[in-house]
Every structure is written in structure tokens, then in C-alpha cells.
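Please walk me through the charged pairs in this structure and the surroundings of its helices. Running paragraphs will do.

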Amino acid sequence: MAENDLLIKIEADAKNATEAFDTIRERTDTLEESLGKVARVSGLIFASLTAEIGLATHAYAESEEESRRLNLTLQNQNIYSKALAESYKQQADAISKVTGIDDDAIVKGQTLLQTYIGQKAITEDLTLAAVNLGAKLGGDVSAGFEALGRAAQGNVRGLKQVGIEIEDGLTKQERLSRAVEIVNQKFANQAAGLNQGLGTYRNVIRAFDDIQKAIGERFAPIITLAFEKISSFLNYLKDSPRFVTFISGLLAAGTAVAGLTALVTAAVPVVLALAA
């Protein structure tokens, strides 16, 4: 009787142990599944944030590039000052808010125009005329700036496309002033008119782009530092004969192995065919 009781107890303990292990396994599986979901969600969040930082930094880099080009052009004309460059950007920003046109595109146009008009400073009236003319010419901002620049030098073909005639006998400055006067009379609010109704989507794009640039500006110093460190490290490796020799050896070995593998792979069917 005692022996039967012992067997019953052992069986009961074994059953309880099995149930306990099953419970532990179920909880482990549940925990693993939960951790897997957390990992996937975290991965998606990390990828999204990384992508956003990349997009924002790229937007800021493009804006910074246009600013550098403007500054360089002003320096080449011997009229650069921080205040003048800032005034150009303020003009672009003010007109951008009314028209929905990217302010960097306007700054790019100002840079182009400056190469045509030399040391004359670009006023807001001149910038606005160029933007309105660009809208009239089909929406290409740079086209308006270029047409005014060419007109100042005597090439009024672009203005004639939109029905503007400039009288002969004017100086460079007079031609430009006359062109601006006529453009602002005939095509006032041309660009702003495209930013009405459904066209106001431009404002959404412009506002989003401004946010991207602001975010990118915050991360730019960190990313710049990272690039500098990576570049220094790669240059260090490049100047290290041992490292270059080591990598060259690996590449040579890898090429040899790959070639041998390809040769064997190609030869096997032939050998099997002959054997048959």
C-alpha cells in the first residue's frame, strides 16, 4: 500500500512539474512575442526618426548651399556685407510667405540676377518683379530673374515674350528700372495669384520645408562632426601601408576563391554529362 502511495505521489509530482513547465513555456513564448513586437516597433520608430533626420539635414544643407553661393557672388562683385546678404534672405522669406514659392529658389534667382547687374544691390521691388515675371513665364522663378538680368544688358527678348517693350537709348540702370516698373504694373500679384484657392497647397509645402530646415539646422553640427571624424579615420587607414596591404590581400584572396568556386560550379555539370 505504501508503495502504491509513493507511485501515485511521484506521478502527481511529475504531472505538476509538467504543467509548471508548460506554464513557464507559454509565458516565455508570450514574453518573446511581446519583446519581438517591441523590437519591431522600436525598429520602425528608429528607422523613421533616422530618415527624418536625413531629410531635414538634406533640406538644411541645400539652403546653406544657396546662402554660400549668394555670399560668394556678392564677394565677387565686391559688395558683400552680412547685412546685405541678410536683406536678400529677408526679401526672399517675405515674398515666399505671400507666394508660397520656396525662399531658397528665390535666393538662387537673386544670385543669378546679381551676376548680370554687377554691383547694384537688389531691392525688394526688383526681387518681387522677377518672381512675378517668372510666374508669368510659366512658373520658373529663375527665368524671371534671368529675363530681367538680360534686359539690363540689352537683351529684351524674354520681356518681349510677355508683351513688354523697352525703349531704346537707355543705360543699363535705366533699362532695368524701366523693366521693373512695367513688370510690376502689368503683372502685379501674378505669383501671389497662383497661391490662392487650391494653389494654397504651396503654403503647406513651404511651411513643411521650413520645419525641415529648422530641424536640419539643429542636427547639422552633430552630423558635420561625425563626417569629419569618419573622414579622418578613413584618411588614417588610407595612409596606413599595413592596412592597405591587408585589405588588398583579402580582396585578392576573395577574388581567387570566387573564381575557383565559379570554375567548379561550371565544371560539375560538364563532368556529370560526360560521365553519363
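In this predicted model, Arg68 and Glu65 both belong to helix H1, which covers residues 2-76. They sit three residues apart, about one turn of the helix. An α-helix has 3.6 residues a turn, so residues three or four places apart point the same way. The side chains of Arg68 and Glu65 meet in a salt bridge, with N to O at 2.6 Å. Arg68 counts as partly exposed, at 44% relative accessibility, and Glu65 is partly exposed too, with a relative accessible area of 27%. The pair also belongs to a network of salt bridges that links Glu64, Glu65, Glu66, Arg68 and Arg69. Over the whole structure, a search finds eight salt bridges.

Side chains of opposite charge can pair when their charged atoms come close. Glu181 forms a salt bridge with Arg178, and the closest N and O atoms are 3.3 Å apart. Glu181 and Arg178 both lie in helix H7, three residues apart, about one turn of the helix. The side chain of Arg178 also meets that of Glu167 in a salt bridge, at 3.5 Å from N to O. This pair links distant parts of the chain: Glu167 is in the loop between helix H6 (157-160) and helix H7 (172-186), while Arg178 is in helix H7, eleven residues apart. How accessible is Arg178? Its relative accessible area is 27%, so Arg178 is partly exposed. Glu167 is partly exposed at 40%, and Glu181 is partly exposed with a relative accessible area of 40%.

The loop between H6 and H7 also holds Leu170. Leu170 is partly exposed, with a relative accessible area of 22%; the cut-off for buried is under 20%. Not counting residues up to four places away in sequence, Leu170 touches Arg175 and Arg178. The C-alpha atoms of Leu170 and Ala152 are separated by 9.6 Å, and these two residues are 18 residues apart along the chain.

Helix H7 itself can be checked for length. At 1.5 Å a residue, the 15 residues of H7 should span 21 Å. The end C-alpha atoms of H7 are 21 Å apart, which agrees. Which residues of H7 are buried? They are Arg175, Leu176, Ala179, Val180, Ile182 and Val183. These buried residues pack against H3, helix H4 (124-136), helix H5 (141-152) and H6.

Helix H3, one of those partners of H7, covers residues 103-117 and contains Gln110. Is Gln110 buried or exposed? Gln110 has a relative accessible area of 0%, so it is buried. The side chain of Gln110 makes a polar contact with the side chain of Thr127, at 3.2 Å. Leaving out residues up to four places away in sequence, Gln110 touches Tyr88, Gln91, Ala92, Ile122, Thr127 and Phe145.

The mean pLDDT of the protein chain is 76, and 57% of its residues reach 70 or more. Among the elements of the protein chain, H3 has the highest mean pLDDT, at 95. Helix H10, residues 241-275, has the lowest, at 62.

Note on methods: Residues numbered from 1 in each chain as written. Predicted model: local features only at pLDDT ≥ 70, side-chain atom pairs only at ≥ 80, totals over all residues. Heavy atoms only, no water. Salt bridge = Lys/Arg side-chain N within 4 Å of Asp/Glu carboxyl O. Helix = DSSP H or I, 4+ residues; strand = E, 2+ residues; numbered from the N terminus. Buried < 20%, exposed > 50% of the residue type's maximum accessible area, 1.4 Å probe, protein only. Polar contact = N/O pair within 3.5 Å; in protein donor to acceptor, adjacent residues only side chain to side chain. Contact = heavy atoms within 4.5 Å. pLDDT = per-residue confidence, 0-100. Expected span 1.5 Å × (residues − 1).
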